[in-house]
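Dear colleague,

Please find the structure below, handed over for your review.

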Amino acid sequence: MVTRGKRTEAGQGLGAWGKGAAKRRSFLIGILVLGAVGLGVGHLLRGRVASRDLSTVTVTRTKFVRRVHADGNLRAVKATPIAAPQSEGDFGALKVAWLAPDGTAVKKGDVLVRFDPSAPEKQLRDGEADRASADAQLREQQIKSKTAAADSKTDADLANDELAETRKFQSKDKEIFSRNQIIESEVDERLATAKQDHAQKAEQIQGRLAKSNNAVIAVQREKADLSISHAKTALESMQLVAPHDGIFVLKRNWRGEIPKLGDSMWPGQEIGELPLLDTMEAEVFVLEVDGSGLADKQPAEIVVEARPDHAYAGKIRLVDKLAKPRQPGSPVQYFAVVIALDQTDRDVMKPGQRVQATLVLDQEDALVVPRQAVIDHEGKNVVFRKTPTGFESVPVELGAATAGRIVIKSGLIDGDVIALRDPTRTDDAAGSAAGSAAPAPAKPGPP
């Protein structure tokens, strides 16, 4: 009985311990469940707060205008080039001896450039000396020709007389003269005939030789005359004058330098120009990064820096096919753009004046959103559109853009509400990713 009682007490103790352990397990499970529920509720609450505090914007259709600023210079539409003379003589490069200052107002006939005349003057003196020498040689040759012709004629006359005498007294009668005398007489006749032929041919050859020598000397004289003519023409062109009234503008080389005294100019090399001031245009330079969409007939506006209070309207007339550096060795490239002005103010506009231009490259009614609202997500441009249950990502097709706004071609409609940042990022991640909005797609370059 005692033993059974002890076992019963032990069993009761074990039962009580088991019940306590079960209660503890239930308690721990309950705590875990409550914690999970609390985390979920907190997460939902945090999500709602973030959604409520997230900045949004309503997409509306508005007029989008993209403007690009550029600088450059005025120039005349038509100008008369002033270039080093192209003479027929071989004078090489010409040295500038005097030069009118850049921007000088000139009248028709005013001297613009003078070159050093040393080379043509030397050629003129040499040519005159060569011609004098040729004249002297020609006179000498004429005297020699006359003397030689007279000698040849004398020889021919003597040969004729000798032949006539030989035939007159020729021994032909066989009854009177011996055979040897007859043979000697025949030989004398043939000799006299040969002398006569030789004298006649020598006279003819001497005449042709005299003509040939005279022709050679005449060629030398013509060469001297040609050299003199080239030298005189070159001397006349050593001074360039203004063909009409205007402003003399010197041409700058690839280093931006203008011609100066002592510079060598090759024949045909342009020194400057004399612009016609009736019609002016502007040549400006647009950064390559801003040059997308440049095209002819786009509106533009320029301001002359000397008169910043007035703007002049115009249109793009010409756009370079390729971007090029404005300075050698500079990595920055520009598109050269020529702007045709609607009017020319002759009282204000002068060639070479600096101008500031504003080019209107895009004008359209479009859906426009802030640039930071477009997110680059896995290589695609998306925006986050607000829905009743939160935000959803929407792929969009982008159009033209400025530094702060961008055109949405497709993906959104008028009235959509979008987030100004990625709502899936935390505040810290969004802050670190600020300014990482997707750029506008590249447009084709200028035509």
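Arg114 stands opposite Gln239 in strand 7. The model is predicted: local features need pLDDT of at least 70 and side-chain atom pairs count only at pLDDT 80 or more, while totals for chains, interfaces and linings use all residues. Residues are numbered from 1 along each chain as its sequence is written, and side-chain values use heavy atoms, with hydrogens and water left out.

Strand 6 (residues 111-115) pairs with strand 7 in the antiparallel sense over 3 bridges; two strands pair if DSSP finds at least two bridges between them. Helices (H or I, at least four residues) and strands (E, at least two) are DSSP runs numbered from the N terminus. The open sheet comprises 4 strands in the order 7-6-4-9, with antiparallel pairing. Strand 7 (239-241) and strand 9 (264-265) stand at its edges with a single partner strand each, so one side of each has no neighbour in the sheet.

The charged end of Arg114 also sits over the ring of Trp98, 5.2 Å from its centre. This term requires NZ of Lys or CZ of Arg within 6 Å of the ring centre and within 35 degrees of the ring normal. Arg326 likewise lies over the face of Tyr334, at 5.3 Å from the ring centre.

The count of salt bridges comes to 16, each being a side-chain nitrogen of Lys or Arg within 4 Å of a carboxyl oxygen of Asp or Glu. Arg326 and Asp71 form one of them (3.3 Å, N to O). This pair links distant parts of the chain, 255 residues apart: Arg326 is in the loop between strand 14 (324-325) and strand 15 (333-341), and Asp71 is in strand 2 (residues 60-76). Glu305 forms a salt bridge with Arg354, the closest N and O atoms being 3.6 Å apart. Asp71, Glu305, Arg326 and Arg354 are linked in a network of salt bridges. Arg326 counts as partly exposed because its relative accessibility is 33%, where buried means under 20% relative accessible area, exposed over 50%, and partly exposed in between (1.4 Å probe, protein chains only).

Thr358, in strand 16 (residues 354-370), is buried at 18% relative accessibility. Its side chain makes a polar contact of 3.3 Å with that of His69; such a contact is a pair of N or O atoms within 3.5 Å, where within protein one must be able to donate a hydrogen and the other to accept it, and residues adjacent in sequence count only if both atoms are side-chain atoms.

Yours sincerely
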